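User: I would like to learn how to read the features of a protein model one at a time. Please give the general idea in each case before turning to the example.

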Amino acid sequence: AVHITAPILIGMMIATTQAGVRPADRKYEGDWYVSDQTDNNTGEREVYAFQTYLKRGDPTWVTLTMRCPNGKPTFFVEWHDVAFPDQAVLTIGPVTDPDSEPAEERYVFEKSEDVLERGLRASPETSAKIVSAVGEAKYMTVTAHLTSGTRIVGMDVAGTQRAWSRVSRHCPVRLMPRPPL
C-alpha cells in the first residue's frame with residue numbers, strides 16, 4: 001500500500017498546476033455559461049445558465065437561458081428581431097449523433113408578464129421535458145414557427161444536464177443567514 005503524506009500531496013498539486021492543468025472553470029458547464037451570484041445586501045443567491053447563438057454576418061441572435069423565477073427552474077428562449085405572439089410553438093431538436101437528424105419535438109412557450117424576463121418561457125414542467133430531451137446532446141436545433149415562415153438556428157449545447165442541475169439545486173433562491181444587527 002502506498003501512503004501519501006500531506007507535503008507530498010501538496011507538492012503533487014503544485015506540480016500539476018504548474019504543468020498547466022487547472023481545476024475546472026466553474027463559470028461553464030460545457031457550452032453553457034453559468035452565473036452564480038449572491039447579493040451582498042439581501043443574501044439572495046441566484047444561479048442561472050445561458051448559451052447564445054451568434055454567427056458572423058447573421059443579424060439573428062438567439063439566447064437560451066435556464067433560471068429560477070418564482071422558485072422553479074425554467075427554460076427561456078429570446079430570439080432577436082422576432083415578434084412572437086403571447087403563445088408560440090418552438091421545435092427543439094437535439095442531435096445525438098453527428099450523422100443523425102435532430103430528434104425534433106414541439107413545445108409551447110409563452111411571453112412572460114414580468115418586464116425583466118425577455119423572450120419566451122416554457123412552464124417548469126415543459127422546461128424539465130426539454131432538458132431531458134436534450135440529454136447529453138452536444139448540438140441542437142431551435143425552430144420558430146411564424147406566420148411569415150420558419151426560422152431555424154443550430155446551437156452547441158454540451159453540458160445542458162449539468163447546467164440545469166446547478167440551476168435547479170438553487171431553486172428557490174435561498175437567503176443566507178443574516179448576522180444580528
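Analyst: Let us begin with disulfides. In this predicted model, two cysteine sulfur atoms count as a disulfide if they lie within 2.5 Å. By that rule the count comes to 1 disulfide.

User: Which cysteines form the disulfide, and how far apart are their sulfur atoms?

Analyst: The disulfide is formed by Cys68 and Cys171, with 1.4 Å between their sulfur atoms. Cys68 belongs to the loop between β4 and β5, and Cys171 to the segment after α3 (160-169), so the link ties together parts that are 103 residues apart in sequence. The handedness is read from the torsion about the S-S bond: at -65°, the link of Cys68 and Cys171 is left-handed.

User: Are Cys68 and Cys171 buried or exposed?

Analyst: Burial is judged by relative accessible area, and a residue under 20% is called buried. Cys68 is buried because its relative accessibility is 12%. Cys171 also has a value of 12%, and therefore counts as buried.

User: In which sense does β4 pair with β3 and with β5?

Analyst: Pairing is read from the bridges between two strands. Strand β3 (residues 45-54) pairs with β4 in the antiparallel sense over 6 bridges. Within that pairing, Thr52 has Thr63 of β4 as its bridge partner. β4 also pairs with strand β5 (residues 74-79) in the antiparallel sense, over 6 bridges. There, Met66 has Phe75 of β5 as its bridge partner.

User: How far apart are Asp114 and Pro69, in sequence and in space?

Analyst: Here the two separations are read side by side. Asp114 and Pro69 are 45 residues apart in sequence, and their C-alpha atoms are 9.6 Å apart in space. Asp114 sits in the loop between β7 (105-111) and β8 (120-121). Its relative accessible area is 36%, so Asp114 is partly exposed.

User: How many aromatic pairs does the structure hold?

Analyst: Aromatic pairs are read from the distance between ring centres and the angle between ring planes. The structure holds 3 aromatic pairs. One of them joins Tyr28 and Tyr33: the ring centres are 5.5 Å apart and the planes stand at 80°, so the pair is edge-to-face. Tyr48 and Phe50 form a stacked pair, with 6.2 Å centre to centre and 25° between the planes. Tyr28, Tyr33, Tyr48 and Phe50 form one aromatic cluster.

User: What are the relative accessibilities of Tyr28, Tyr33, Tyr48 and Phe50?

Analyst: Tyr28 has 43% and counts as partly exposed. Tyr33, at 27%, is partly exposed. Tyr48, at 21%, is likewise partly exposed, and Phe50 is partly exposed with a relative accessible area of 27%.

User: Which residues is Thr141 in contact with, leaving aside its neighbours within four places in sequence?

Analyst: Such a list shows which parts of the chain meet at one residue. Thr141 is in contact with Thr91, Ile92, Gly93, Pro102, Glu104, Ile152, Val153 and Gly154, neighbours within four places in sequence being left aside. Thr141 lies in strand β9 (residues 139-146), and its relative accessible area of 11% makes it buried.

User: How many helices and strands does the chain have, and what share of its residues is buried?

Analyst: The secondary structure comes to 3 helices and 10 strands. Of the 181 residues, 36% count as buried. Among contacts between residues at least 6 apart in sequence, 52% join residues at least 24 apart. The chain exposes about 11700 Å², and carbon and sulfur atoms supply 53% of it.

Note on methods
Residues are numbered from 1 along each chain as its sequence is written. This is a predicted model: local features need pLDDT of at least 70, side-chain atom pairs count only at pLDDT 80 or more; totals for chains, interfaces and linings use all residues. Side-chain values use heavy atoms; hydrogens and water are left out. Two strands pair if DSSP finds at least two bridges between them. Helices (H or I, at least four residues) and strands (E, at least two) are DSSP runs, numbered from the N terminus. Buried means under 20% relative accessible area, exposed over 50%, partly exposed in between (1.4 Å probe, protein chains only). Rings of Phe, Tyr and Trp (its six-membered ring) pair if their centres lie within 6.5 Å; planes under 30 degrees apart count as stacked, over 60 as edge-to-face and the rest as tilted. Contact means heavy atoms within 4.5 Å. Accessible areas come from the Shrake-Rupley method with a 1.4 Å probe; for residues, only the protein chains shown count as cover.
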